[in-house]
Amino acid sequence: MVFEHASVLLAETVAALAPADGDVIVDCTVGGGGHAEALLETAACRVIGLDRDPAAVAAASARLVRFGDRFVAVRARFSELAEVLDALGLGPVQGILADLGVSSPQLDEADRGFSFQQDGPIDMRMDPDAPVSAADLVNDWPETDLADVIYRYGEERRSRAVARAIVAGRPWTSTHALAEAVARVVGRGKGRIHPATRTFQGLRIAVNDELGELERLLPTAVERLAPGGRLAVISFHSLEDRIVKRFVAEQTGRTAERDPWGNPMGEIRLRDARSIAPDSNDPNPRARSARLRCATRC
Ligand SMILES: C[S@@+](CC[C@H](N)C(=O)[O-])C[C@H]1O[C@@H](n2cnc3c(N)ncnc32)[C@H](O)[C@@H]1O
């Protein structure tokens, strides 16, 4: 399989992480290895690349073999960051990157079941061995639970009607048939996006517990950064970005409670927070909604 994924905000991410010789950087979402490769080329650092998708681990390992033991790939969820670093005997690290969401091959390969553009089984698991797939949600979940994820994670205003149509049309096996049923409820409208985009996003986020994973990663990442170490997170929609933004604001003391003298209470663990959006001329369509947030460990 060819793993083609155009890395988003590549130069900006490398600049934010500023790798130096001897540093250890954790790429929590190694994917096809694009960001990891750029980091390894910039300095004589080591990169630990995590991914829950075995196809990504295999692709990154093959691409980065020339760096020898400077690159280590681990199949794991990024919420398991502490366990992975402990197992590798690694203490504080100098950089942690998370480039959230799905990779292009996950979306483009019909068999992975994420796509309404190409017909395939309804699946959407980043980790093909995970116990619950999108087929389980659309075929077994109660209508109200389905409506909730489509509303909360897909931000689909017609979530209740979509969930009703999904329950009425059971059983579902094909992504095309499901997308068509959703389109009949939502209507085609004049927008550029497919009418099933929001519903598919909601199901995907629920199947992979994407927001829960991010909520668990951020505090661990800050704990495992060395003083002066850098955190960089690239998000692709407002639900992810809100979690990162709020976390960074808390950790930099911006939203912390204040004592009577106006000083933030509690420990301030991050400083120099910055937010970077891609150039509006970026040719990569995935870059359109991307946002990089970075900060330095105090
Ligand atoms: C946007 S792609 C990363 C692309 C990569 N930066 C590159 O340049 O090729 C996101 C990757 O993160 C992985 N991923 C998403 N959530 C994860 C999680 N909670 N734990 C581990 N890997 C995850 C996905 O499987 C996917 O391969």
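**Ground rules.** I number residues from 1 along each chain as its sequence is written, and side-chain values use heavy atoms, with hydrogens and water left out. As this is a predicted model, local features need pLDDT of at least 70 and side-chain atom pairs count only at pLDDT 80 or more, while totals for chains, interfaces and linings use all residues.

Grid points are joined across faces, edges and corners, and a volume is the space filled by probe spheres set on the points. The count is two cavities of 30 Å³ or more.

The largest cavity holds about 390 Å³. Its lining has 34 residues, and Thr 29, Asp 51, Asp 99, Leu 100 and Gly 101 are the closest to its centre. Elements giving two or more residues to this lining are α2 (34-42), β2 (46-51) and α11 (210-224); helices (H or I, at least four residues) and strands (E, at least two) are DSSP runs, numbered from the N terminus. By class, I note twelve nonpolar, twelve polar and ten charged residues in the lining of the largest cavity. For these classes, Ala, Val, Leu, Ile, Met, Phe, Trp, Tyr, Cys and Pro count as nonpolar, Asp, Glu, Lys and Arg as charged, and the others, Gly among them, as polar.

The second largest cavity has a volume of about 40 Å³. I list its lining as Leu 218, Leu 231, Val 233, Val 244, Val 248, Arg 293, Cys 294 and Ala 295. Two or more of these residues come from each of β5 (225-235), α12 (238-251) and β7 (291-297), and β7 gives the most, with three. The lining of the second largest cavity divides into seven nonpolar, no polar and one charged.

A pocket here is an open set with protein on both sides within 12 Å along at least five of seven lines. The largest pocket has about 1100 Å³ of space. Of its 28 lining residues, Leu 107, Phe 116, Thr 197, Gln 201 and Arg 204 are the closest to the centre. Helix α10 supplies the largest share of this lining, five residues. The lining of the largest pocket has nine nonpolar, eleven polar and eight charged residues.

I put the second largest pocket at about 190 Å³. Its lining includes Arg 52, Arg 77, Asp 209 and Glu 213. Five nonpolar, one polar and six charged residues make up the lining of the second largest pocket.

I found 26 residues around the ligand, with Ser 7, His 35, Asp 51, Asp 99 and Glu 213 coming nearest; a residue counts as near if one of its heavy atoms lies within 4 Å. I then checked backbone atoms against the ligand. A backbone N or O atom of Gly 33 is 3.4 Å from a ligand oxygen atom. For Arg 52, a backbone N or O atom lies 3.2 Å from a ligand nitrogen atom. A polar backbone atom of Phe 78 is 2.8 Å from a nitrogen atom of the ligand.

His 35 is in helix α2 and counts as buried because its relative accessibility is 5%. Buried means under 20% relative accessible area, exposed over 50%, and partly exposed in between (1.4 Å probe, protein chains only). Leaving out residues up to four places away in sequence, His 35 touches, among others, Ser 7, Asp 27, Asp 99 and Ile 234; contact means heavy atoms within 4.5 Å. Leu 239, in helix α12, is also buried, at 10% relative accessibility.

The peptide bond from Arg 170 to Pro 171 is cis, with omega near 5 degrees. Pro 171 sits in the loop between α8 and α9. Ala 18, not a glycine, has a positive phi of about 40 degrees, and at 39% relative accessibility it is partly exposed. Asp 209 has phi near 45 degrees, also positive, and lies in the loop between α10 and α11.

Conventions:
On a 1 Å grid over the protein atoms alone, a cavity is a set of points where a 1.4 Å probe fits but cannot get out, and a pocket is an open set with protein on both sides within 12 Å along at least five of seven lines; lining residues have an atom within 4 Å of a point. A polar contact is a pair of N or O atoms within 3.5 Å; within protein, one must be able to donate a hydrogen and the other to accept it, and residues adjacent in sequence count only if both atoms are side-chain atoms.
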